[in-house]
Amino acid sequence: MIATPHFADRQAARPSTVVIADDSVVVRGLFARWLGESGRFHVVGVAGDGEAAIEHAGRHHPDIMVLDLDMPVLDGVEALPRIVKESPKTAVLLTTTLTDRNARLALQCMSMGAVDVLPKPDSRSGLTLSLDFRSELLGKLGSIAQSRLRDGEAAPDNILATALPSGVADLRPLVSVMPRYLVVGASTGGPRAVARVLSDLGGALANLTTLVVQHMPPLFTASFADQIAQQLGVPTREPHDGERLARGTIYVAPGGRHLGIERKLGHIVASVSDGPPVHFCRPAVDVLFAEAARHLGPAALGLIMTGMGSDGTDGAAALRRAGAAVIAQDEPSSTVWGMPGSVVRAGQASAVLPLGGIGPAIRTLVGGSHPA
């Protein structure tokens, strides 16, 4: 199990409306029963193919659509842009079996606006009997639903008190040395947001060794690394245990394994391990952040981005104690403000910045121009 979801503290005032799109009548019925039993969701439609999913999006404008990648008539990849066009405020959660092909297609869909992906068990019987899968499905849907409640709400006073004013200049007095390592943690909504920040960094990436923990299962993280490499033209890969970390390279934690940092023979190397989950997560942001604090100190710069749960809060505190700065993505630009919100509420954010302001802030700290 990669991660056990965390439910948001606040409860929705009404059940969230959901459309379930899957070519299997058994899966549609199973999902509808689970959602109905939870009391938090109201299924307003089911669809057996992509065309029907588009029709339901236009008719019901649901809060959430659970969209299978493999469907007749139109598959999820073909249907998604039309779903987004018909109902722009509908959050789309992808479901699919674990294959290299589906991992690539899911990441393509997330770049087009899907908020997250949930791998299905390999068999229908596995799906029916998997309590972990049911819990993760309801958890992801609960976090997505909760994120929709923030529209029009004011942030609590304790959050505003710890959030510095947005702007590049906020961070400059907070670092004692120029950061040489960027450590990033993200979950729900992360692939698109992380790719945006890395793109915004431009030439500054050449001055950084970048390590990313993105909560995703095996196969998906490798495809994510390949996607970033193709988009940015920057070396990006899953590291192997003991690999010496190089500047100008982006390292993505392998799905299902922790990524940390060690010093060996005077060099900084990757530590890739099968240790127990931390806060139910493997890979865990806390592992990367804590080891960056131990071995890098103020040479590290932490970035905690959109995602459900609280992974990264303890690690952010360790980074701050070691003299490193920590940037948290702000609530309006986050798909789910669980992880960054937890860091902010704990008082461990050096600055709280919108997605579009993160890259420029880091460029100012580490140097490097943005490509024209």
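Student: Does G76 count as buried or exposed?

Tutor: This is a predicted model, and what I describe is computed from it. The cut-off for calling a residue buried is a relative accessible area under 20%, and because G76 has a relative accessibility of 0%, G76 counts as buried. G76 is found in helix 3, which covers residues 76-86, and, leaving aside neighbours within four places in sequence, G76 is in contact with L67, D68, L69, M71 and C109. The C-alpha atoms of G76 and D22 are separated by 9.3 Å, although these two residues are 54 residues apart along the chain.

Student: What share of the residues in the chain is buried, and how many helices and strands does the chain have?

Tutor: Of the 372 residues in the chain, 58% are buried, and the secondary structure comes to 13 helices and 14 strands. Among contacts between residues at least 6 apart in sequence, 75% join residues at least 24 apart.

Student: How should I read the packing of two helices, and at what angle do helix 4 and helix 9 pack?

Tutor: Two packed helices are described by the angle between their axes and the distance between the axes. Helix 4 (residues 100-111) and helix 9 (residues 220-232) pack at an angle of about 55°, and their axes are 9 Å apart; the two helices are therefore oblique to each other. The crossing in which helix 4 passes helix 9 is right-handed. On the side of helix 4 the contact is made by D100, N102, A103, R104, A106, L107 and Q108, and on the side of helix 9 by F220, S223, F224 and Q227. By residue class, this contact of helix 4 with helix 9 divides into 5 nonpolar, 4 polar and 2 charged residues.

Student: At what angle do the axes of helix 10 and helix 11 cross?

Tutor: The axes of helix 10 and helix 11 cross at roughly 10° and come within 7 Å, and that makes helix 10 roughly parallel to helix 11. In this contact D286, F289, A290, A292 and A293 of helix 10 meet T313, D314, G315, A316, A318 and L319 of helix 11. The residues of the contact of helix 10 with helix 11 divide into 7 nonpolar, 2 polar and 2 charged.

Student: Which residues of helix 11 are buried, and which elements do they pack against?

Tutor: An α-helix has 3.6 residues a turn, so residues three or four places apart point the same way. In helix 11 (residues 313-321) the buried residues are T313, G315, A316, A317, A318 and L319. These buried residues pack against strand 6 (181-186), helix 10, strand 12 (300-304), strand 13 (325-329) and helix 12. Helix 11 is followed by G323, whose phi is positive, near 95°.

Student: Where does V343 lie, and which residues does V343 touch?

Tutor: V343 lies in helix 12 (residues 339-345) and is buried, with a relative accessible area of 0%. Not counting residues up to four places away in sequence, V343 touches I304, G312, T313, A316, V326, Q348 and A349. From V343 to D311 the separation is 32 residues in sequence and 8.9 Å in space, C-alpha to C-alpha.

Student: What value does phi have in H61 and in L265, and which residues does the cis peptide bond join?

Tutor: Most residues other than glycine have a negative phi, and most peptide bonds are trans. H61, which is not a glycine, has a positive phi of about 45°; H61 is found in the loop between helix 2 (50-60) and strand 3 (64-68), and at 44% relative accessibility H61 counts as partly exposed. Phi of L265 is also positive, near 55°, and L265 has its place in the loop between strand 10 (258-264) and strand 11, where at 86% relative accessibility L265 counts as exposed. The cis peptide bond joins R282 and P283, with omega about 5°, and the place of P283 is in the loop between strand 11 (267-273) and helix 10 (285-296).

Student: Finally, how many aromatic pairs does the structure hold?

Tutor: A pair of aromatic rings is described by the distance of the centres and the angle of the planes. The structure holds 3 aromatic pairs, and ring pairs link F31, W34 and F133 into a cluster.

Technical notes:
Residues are numbered from 1 along each chain as its sequence is written. This is a predicted model: local features need pLDDT of at least 70, side-chain atom pairs count only at pLDDT 80 or more; totals for chains, interfaces and linings use all residues. Side-chain values use heavy atoms; hydrogens and water are left out. Axes are lines fitted to C-alpha atoms, for helices over the stretch in contact, and angles run from 0 to 180 degrees between N-to-C directions. Helices (H or I, at least four residues) and strands (E, at least two) are DSSP runs, numbered from the N terminus. Angles under 35 degrees count as roughly parallel, over 145 as roughly antiparallel, 65 to 115 as roughly perpendicular and the rest as oblique. A crossing is left-handed if the near helix is turned anticlockwise from the far one by less than a right angle, and right-handed if clockwise. Contact means heavy atoms within 4.5 Å. Ala, Val, Leu, Ile, Met, Phe, Trp, Tyr, Cys and Pro count as nonpolar, Asp, Glu, Lys and Arg as charged, and the others, Gly among them, as polar. Rings of Phe, Tyr and Trp (its six-membered ring) pair if their centres lie within 6.5 Å; planes under 30 degrees apart count as stacked, over 60 as edge-to-face and the rest as tilted. Buried means under 20% relative accessible area, exposed over 50%, partly exposed in between (1.4 Å probe, protein chains only).
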